[in-house]
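Me: I would like to learn how to read a protein model, one feature at a time. Please begin with what touches what.

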Amino acid sequence: MRIAIAGAGNVGRSIAQELIDNGHQVMLIERQPKMLRPDRVPAAEWVLADACELASLEEANIAGCDVVVAATGDDKVNLVVSLLAKTEFAVPRVVARVNRAENEWLFTEQWGVDVAVSKPRVMAALVEEAVTVGDLVRLMTFRQGEANLVEITLPPSAPYVGQPIHAVPLPRDAALVAILRGKRVLVPSPDDPIEAGDELIFVCTAAVEDDVRAVILGPASVERGNDQG
């Protein structure tokens, strides 16, 4: 993929290097000359420009990118970059960094954001994911489709432990996309059994999260979740 990243600070450079290591073409856009450090990520294309200016984005050929990442330390800049990328250049996927938690509500599809990444939310989700067995943990929200990435770690008492995936009656708008078993990542197939301790990763809409929880953990889990909420 061709990916443009606005903001070449520590966050932007880290994302760029990770994506380059995974075989993608990356362009880093930075407006401050002192932050232009091509030696830090030499395989990236570096552009000195203001990503909030239409002319700069046109010159950088943002329309030819598969993904734009707004990764600056300024939420206002990230929102403007996201909006321009989506509305003016029809970039298929826009990912935006949220710096201040109180601004998270702004990072929606109305501002061109497909996925908003808030470090406090991600950290909280990772803490929950590491310690929670027998409940549903929301890991990430995909704004445009109103879908979430959620995780459930199976307790031994879960109703379908030991049964094949095809026997699990998942609701519409929910898909099991991966099983983490120990250090292995398994791509689910219908005849694979699920085991106690498995981490099941689903993509589903918010509307069916309780249904997924009820199927995987039993109806009583939904009542417990509502009581705790």
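Reply: Take Ala8: setting aside neighbours within four places in sequence, Ala8 is in contact (heavy atoms within 4.5 Å) with Arg13, Leu28, Ile29, Glu30, Met35 and Trp46. Keep in mind that this is a predicted model, in which local features need pLDDT of at least 70, side-chain atom pairs count only at pLDDT 80 or more, and totals for chains, interfaces and linings use all residues. Residues are numbered from 1 along each chain as its sequence is written, and side-chain values use heavy atoms, with hydrogens and water left out.

Me: Where is Ala8 placed, and is Ala8 buried or exposed?

Reply: Buried means under 20% relative accessible area, exposed over 50%, and partly exposed in between, with a 1.4 Å probe and protein chains only. Ala8 has a relative accessible area of 0% and is therefore buried. Its place is the loop between strand 1 and helix 1; helices (H or I, at least four residues) and strands (E, at least two) are DSSP runs, numbered from the N terminus. Ala8 and Pro38 are 30 residues apart in sequence, yet 9.7 Å apart in space, C-alpha to C-alpha.

Me: How many helices and strands does the chain have, and what share of the chain is buried?

Reply: The count is six helices and 11 strands. Of the 229 residues, 45% are buried. Among contacts with a separation of 6 or more, 55% join residues 24 or more positions apart.

Me: What does Arg2 touch?

Reply: Arg2 belongs to strand 1, which covers residues 2–6. Not counting residues up to four places away in sequence, Arg2 touches Gln25, Met27, Glu45, Ala60, Asn61, Gly64, Cys65, Asp66 and Val67. With Asn61 there is also a polar contact: a pair of N or O atoms within 3.5 Å, where, within protein, one must be able to donate a hydrogen and the other to accept it, and residues adjacent in sequence count only if both atoms are side-chain atoms. Here a polar atom of the Arg2 side chain lies 3.0 Å from the backbone oxygen of Asn61.

Me: Which residues of helix 5 are buried?

Reply: The general idea first: an α-helix has 3.6 residues a turn, so residues three or four places apart point the same way. In helix 5 (residues 209–217), the buried residues are Glu209, Val212, Arg213, Val215, Ile216 and Leu217. Down the helix axis they fall within an arc of 170°, so they line one face of helix 5; the arc is that of the directions from the helix axis to the C-beta atoms. Arg213, one of these residues, has a relative accessible area of 11%. Arg213 and Gly134 are 79 residues apart in sequence and 9.0 Å apart in space, C-alpha to C-alpha.

Me: What follows helix 5?

Reply: Gly218 does, with a positive phi near 100°. Most residues other than glycine have a negative phi, and most peptide bonds are trans. Ala90 is not a glycine, but its phi is positive, about 50°. Ala90 sits in the loop between helix 3 and strand 5 and, at 59% relative accessibility, counts as exposed. Asp173 likewise is not a glycine and has a positive phi, about 70°; Asp173 is in the loop between strand 8 (147–153) and strand 9 (174–181).

Me: How many cavities of 30 Å³ or more does the structure hold?

Reply: Rolling a probe the size of a water molecule over the atoms shows where empty space is left. On a 1 Å grid over the protein atoms alone, a cavity is a set of points where a 1.4 Å probe fits but cannot get out, and a pocket is an open set with protein on both sides within 12 Å along at least five of seven lines; lining residues have an atom within 4 Å of a point. Grid points are joined across faces, edges and corners, and a volume is the space filled by probe spheres set on the points. There are two such cavities. The second largest cavity, of about 30 Å³, is lined by Ala4, Ala6, Ile29, Ala51, Leu57, Ile62, Val68, Val81 and Ala85. By class, that lining has nine nonpolar, no polar and no charged residues; Ala, Val, Leu, Ile, Met, Phe, Trp, Tyr, Cys and Pro count as nonpolar, Asp, Glu, Lys and Arg as charged, and the others, Gly among them, as polar.

Me: What is the volume of the largest pocket?

Reply: About 340 Å³. Of its 18 lining residues, Ile15, Leu19, Val69, Val95 and Val117 lie nearest its centre. Strand 5 gives the largest share of the lining, four residues.
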